[in-house]
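Please read it alongside the sequence and the coordinates.

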Amino acid sequence: MKNLGQLKADYIVQNLNAFCPGCGNGIILNCFVRAVDDLGWNVNDILCVSGIGCSSWIPSPHFRGDTLHTTHGRALAFATGAKVFNPSLKTVVFTGDGDGAGIGGNHLIHAARRNIGLTCILVNNFNYAMTGGQIAPTTLHDSKTSTSPYGNPEQPFDIAKLVAAAGATYVAKWTTNHVLELTRSIKEAMQNPGFSFIEVLSQCPTQQRNILGVRAPPQELPSRLLDMLAESTYINDGEEKRSYIYTVLAGEPTSALKAVEKALGDSGKAQLVDHLTLGRVARVEATDIEAAKARLGIPEVKRITDSREGKQEIGVFVRKQRLEYTEALREVGRRARGEQ
Amino acid sequence: MLKPGKHLVLGNIACAEGALRAGCRLFAGYPITPANEITEYMSNELPKANGSFLQMEDEIASIAACIGGSWAGAKAMTATSGPGFSLMQENLSYAHMTETPLVVVDVQRSGPSTGQSTDASQQDFYQARYGAHGDYEIIALSPWSAQEMFDLTIRAFNLAEQYRTPVYFLADGMIGHIREELAVPENIDVINRKAPSGPSVTPFGTDDPSLVPEMPKFGQGYRLQVTGSSHRPNGVRDSSPKVHGDIIRRIMKKIAQAEPKIRDVAKLNLDDAKIGVISFGASARPSYGAVKKTREEGIKAGLLRLKTLWPLPEEEFTKLANQVDAILVVEMNAGKLVREVQRVACGETKIASLTRLGGVTPTQGDIAQEIRRLAQ
Ligand SMILES: Cc1ncc(C[n+]2csc(CCOP(=O)(O)OP(=O)(O)O)c2C)c(N)n1
Ligand code: SF4
Ligand SMILES: [Mg+2]
C-alpha cells in the first residue's frame, strides 16, 4: 500500500488545502484517491463533478484528474450530460448534504431512478458549513444552528434510505471514522455499473462545535467529533457488543461522571463520550446491565438509554443489478436505427 | 433527418433539423409549449444519428446536462420557453463563466408567469441579455421564418463553437408554429471549436487576438479544472481582483470586438427610406407588409430587420437615425428594443414605438397607420 506522501504526489494538485484544520473532507479525499489507486485505473479516465459547498471542494481543486466544479445542487445533472455523451468517463460526483439533499434533492432521486452509471459521494456534516452553519435537510431536530437559534423545528432526512427507495443499485453509508470501510465502498461503488451512492457522516469542527454542542479546545475537537461519529452509529450487519448503556447526565459532566462511577462501584465502568443525539453522556459498560442500571437511580442521572437509541445505522444497504441508463440509451439508439 | 430539397415544415421542426445538420448530438430538455415539437423531433432523430436525447427532471437539469455534455465534447442544445428559460439562468451564468459552447432555444411565449402560455411574444429580449447574474456579453439570434429557424440554428451552433459561448436562439411561438417551405441545402458550413494544439493547454486564456481559448474535452488527459469560480487561465480557482477582472474583461471583449462579424441585419427597402421601421422575428412580418403597403401610397418607408439581436447592432441604428426622418420600432412586448434604439439614437431623429401585447403580432394595418402618421 502506498503511503500518504506517494498518494499525494500521484493524485493531488500542488500543495493546496482548502479546508479548515481537522475537517473530515481531507479524510474523504484520502479514501477516494486510495480507492482509485487500489483499482489501478488511469486517472485520465476519471471525471470528478461537484456542486457548491466545502464538500464540493474535495475534488476541485485537489484531485489531479478532470474536475467540473458546478453550481449549487446541480452536479448530478451536469455529470449526467457528460456521462451520457461519453459513457467511458468514470464519473464520480461529490456533494454535500445541503447541495445533494437540499437544493439538489430532485436531481439526486432522479439520478437514482435512472440508474445512471455514476458514483455519488455525499458528505453529511449536518449543516450548510460553507455559508456559516445554517439548518440543512440533515440537521437534527432541536439542533441550534445559525438559522435555528431556538432549536431546529424540522426533522432530518435519512438520505441513504431515500436514495435506496429511489432505485440506486449500490447504497452505503459510513463515517469519516470508518476509513477502511469507506475506501472499500468507494471501490465497490465505482465498479458497480449503475448508480452508486455513498453517504459519509463527516466532522466539521468549525460549525459542529456549536451545532452539536461539543465544547473542546480546537486541537481536541476533530478527534472528539470523530469519536462521536463512531459512538453514534452502528454497522447494520456487524456483530455488536451490546452490554452497555448510556446515562444522560444532570449538571456538569465530569462531576456527574464521578457520581455515576461511585454508584456503580464494581458493577460496571463509566466513561464520558459525545453522542450525536444524546450529547455528552456517560457510557456504562457492565457484564450485568440490569444490575448496573439498578444502581443508577441517582440525581446525577437524568435518564438511562439503550445502546442503540438515537444512533444511525451505517454499512452497505443495497447491492443489486438493473439496467443502467446509458446502456438503455444505447438500446434505444439500436432500435431507432433499426439494428435489431 | 430531411433530405436536401424543398419541404413543407413547422418552424420548430426546421430548427431541430438545423441543429442536427450543424452537428448537435446531445439534446436535454423538459416539455413546454410552444417548444415541444423541437424536443419531440430530437427524441425521434438523435438516436438515429448516434446522438443522445435526454428528457431531464426540469430545465435546470436540462441546461446543466448540456454544459456537462459540451465539456465531454458534444454540440449540445436545449429548447424551452419563458418559464423554463428563467429556471436556466443560474446555469447559463455558469456557461458564460466557463465559456461553454451550447445553444439555448427560447420559443418565446406570452408572460409574465404562465401568462397566455401557448401564445407568442418577444418578451424575453432582456431576459436573454440580462437574465443571469454577473457581467457577460451574449449572442442572440432572431428568426422570422421557417427557413431562418433552420439557417439561423446552424449559425447559432457555428457562433457557439467559434466564440466558445452559449448562444441564445430567440424564436417565438408564432415562428415556431408557422408551416412554411424549407429549402434544405446539399452542403452547409460547419464550424467546430478549437481543439488543443499540443500536449498542454490553457483552456481559459489565450494570446490569440480572437481572445477565444482552445477547448479540450474530458477524458483526454489534460486534467481539466473547470469551475464557475473566478479562475486563472489554467483553470485554477483564484478570486483575486486581477484574475477576476482579467477573465470578465476577456469573455466580454471576445464577443464585443467581434460584433461587426456577428452582426446580421436585413435591409428591406431601406436605401432611400425616410421612415425607418426596426423590427425582428414575427413582428417583422407585418412590418414588412406595412412598408410595402405605404410605399404603394408614395411613402418612402423601409425595414431594418434584426437577425442578430445581441450584440446590439448599434451602428445600424445610428446610420438609420442619420438617414431617416423618423424611426418606428415594432415589437411584441411592452417596449423593450425601443429603449435600446432610444439609448443609441436619442436626439438623432424622432423615435416612435409600436408595441403589441396579447400573444398576437401587430397588424399590418396598425403599422401602416403609424408609418403614415410619422410621414406627415
Ligand atoms: C443557488 C445558490 N444558493 C445558495 C448558495 C450559497 N451556498 C454556498 S455553499 C452552500 C451550502 C453548502 O452546504 P453543503 O452542501 O451541506 O456543503 P458543506 O459546505 O456543508 O460541505 C450554500 C447555501 C449558492 N452558492 N448558490
Ligand atoms: S467549515 Fe467545516 S466542512 Fe467546511 S472546511 Fe471548515 S471544517 Fe470543513
Ligand atoms: Mg453540509
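1. Strands, like helices, are taken here as DSSP runs, a strand having at least two residues and a helix at least four, and they are numbered from the N terminus. In these terms Thr119(A) lies in strand β4 of chain A. The whole is a predicted model, and the points below should be read with that in mind.

2. Thr119(A) has 3% relative accessibility and therefore counts as buried, the limit for that class being under 20%. Not counting residues up to four places away in sequence, Thr119(A) touches Thr91(A), Val92(A) and Val93(A), together with Ala189(A), Met190(A) and Ser196(A).

3. Which residues of helix α6 of chain A are buried? In this helix, which covers residues 159–166, they are Ile159(A), Ala160(A) and Val163(A). Because they cover an arc of only 100 degrees around the axis, they sit on the same side of α6(A). The face turned away from that buried side carries Lys161(A) and Ala165(A), which are exposed.

4. The cover over the buried residues of α6(A) includes helices α4 (97–103) and α5 (105–114) of chain A, and also strands β4 (119–124), β5 (170–175), β6 (196–201) and β12 (312–319) of that chain. Following α6(A) comes Gly167(A), with a positive phi near 115 degrees.

5. Ligand 1 lies between chains A and B and is surrounded by 17 residues, of which the closest are Cys54(A), Ser55(A), Asp97(A), Gly98(A) and Asp99(A). For Asn125(A), an N or O atom of the side chain is 3.1 Å from an oxygen atom of ligand 1.

6. The residues around ligand 2 are Phe19(A), Cys20(A), Cys23(A), Asn25(A), Cys54(A), Asn125(A), Ala129(A), Cys204(A), Pro205(A) and Thr206(A). By class, this shell holds 7 nonpolar and 3 polar residues, and no charged ones.

7. Helix α1 of chain B, residues 11–22, has 12 residues and reaches 16 Å from its first C-alpha to its last, close to the 16 Å expected at 1.5 Å a residue. Is this helix enclosed or exposed? Since 12 of the 12 residues of α1(B) are buried, it is largely enclosed by the rest of the structure; Glu17(B) and Arg21(B) are among the buried residues. Just after α1(B), Gly23(B) takes a positive phi of about 110 degrees.

8. Lys307(B) is found in the loop between β12 (301–306) and β13 (308–310) of chain B, and its relative accessibility of 17% means that it counts as buried. Leaving aside neighbours within four places in sequence, Lys307(B) is in contact with Ala140(B), Leu141(B), Ser142(B), Glu148(B), Leu152(B), Asp264(B), Val265(B) and Ala266(B).

9. Tyr288(B) has its place in helix α10 (residues 281–296) of chain B. At 21% relative accessibility, Tyr288(B) counts as partly exposed, since the buried class ends under 20% and the exposed class begins over 50%. Tyr288(B) and Ile278(B) are 10 residues apart in sequence, with a C-alpha to C-alpha separation of 9.8 Å in space. Leaving aside neighbours within four places in sequence, the contacts of Tyr288(B) are Trp144(B), Leu268(B), Asn269(B) and Leu303(B).

Key:
Residues numbered from 1 in each chain as written. Chains lettered and ligands numbered in written order. Predicted model: local features only at pLDDT ≥ 70, side-chain atom pairs only at ≥ 80, totals over all residues. Heavy atoms only, no water. Near = heavy atom within 4 Å. Nonpolar A, V, L, I, M, F, W, Y, C, P; charged D, E, K, R; others polar. Expected span 1.5 Å × (residues − 1). Buried < 20%, exposed > 50% of the residue type's maximum accessible area, 1.4 Å probe, protein only. Arc of directions from axis to C-beta. Contact = heavy atoms within 4.5 Å. Polar contact = N/O pair within 3.5 Å; in protein donor to acceptor, adjacent residues only side chain to side chain.
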